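This report describes one protein chain.

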Amino acid sequence: MNTNLIHNILNAAIVLIPALEALNLAPLVGEQNALAIVAVLGLAKIAINLVRDGVSGLAKEQPPVK
């Protein structure tokens, strides 16, 4: 599994969790927990980028998607 796939999965989760909570389809999660989960997923994406590209990789211009 490559890091792009992980990023795509995290992106989907970051969109789905608040959407499910807003539509009351995930009442067991709760608003505060949904916010915390999304924050942790966002931090996970940043951590993956740091490990993969280093600190300078966060600010450099990204190549176009093929």
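## Helix α1

Helix α1 has 20 residues, which at 1.5 Å a residue should span 28 Å; the distance between its end C-alpha atoms is 29 Å, so the two agree. The expected span is 1.5 Å times one less than the number of residues in the helix. Helices (H or I, at least four residues) and strands (E, at least two) are DSSP runs, numbered from the N terminus. The model is a predicted one, in which local features need pLDDT of at least 70 and side-chain atom pairs count only at pLDDT 80 or more, while totals for chains, interfaces and linings use all residues. Residues are numbered from 1 along each chain as its sequence is written, and side-chain values use heavy atoms, with hydrogens and water left out.

His7, Leu10, Ile17 and Glu21 are the residues of α1 listed as buried. Buried means under 20% relative accessible area, exposed over 50%, and partly exposed in between (1.4 Å probe, protein chains only). The four cover an arc of only 95° around the axis, which puts them on the same side of α1; the arc is that of the directions from the helix axis to the C-beta atoms. The face turned away from this buried side carries the exposed residues Val15 and Ala22. Helix α2 is among the elements that cover the buried residues of α1.

## The ends of α1

At the N-terminal end, Asn2 caps α1, with a side-chain oxygen 3.2 Å from the backbone nitrogen of Asn4. Asn4 itself lies in α1 and has a relative accessible area of 49%, so Asn4 is partly exposed. Between the C-alpha atoms of Asn4 and Val40, which are 36 residues apart along the chain, the separation is 18 Å. After α1 comes Asn24, whose phi is positive, near 60°.

## Helix α2 and Asn49

Buried in α2 are Ala34, Val38, Leu41, Lys45 and Asn49. Their cover includes α1. Gly54, with a positive phi near 80°, follows α2.

Asn49 is part of α2, which runs over residues 31-53. Its relative accessibility is 19%, so Asn49 counts as buried. The side chains of Asn49 and His7 are joined by a polar contact of 3.1 Å. Such a contact is a pair of N or O atoms within 3.5 Å; within protein, one must be able to donate a hydrogen and the other to accept it, and residues adjacent in sequence count only if both atoms are side-chain atoms. Not counting residues up to four places away in sequence, Asn49 touches His7, Gly54 and Leu58, where contact means heavy atoms within 4.5 Å.

## The nonpolar core

Leu10, Ile17, Ala34, Val38 and Leu41 form the largest nonpolar core, of 5 residues. Helices α1 and α2 each supply at least two residues of this core, and α2 gives the most, with 3 residues. A nonpolar core is a set of buried Ala, Val, Leu, Ile, Met, Phe, Trp, Tyr and Cys residues joined through side-chain atoms within 4.5 Å. Leaving aside neighbours within four places in sequence, Leu41 is in contact with Leu10, Ala13, Ile14 and Ile17.

## The whole chain

The chain has 2 helices and 0 strands. Of its 66 residues, 17% count as buried. The C-alpha trace spans about 40 × 25 × 20 Å along its principal axes.
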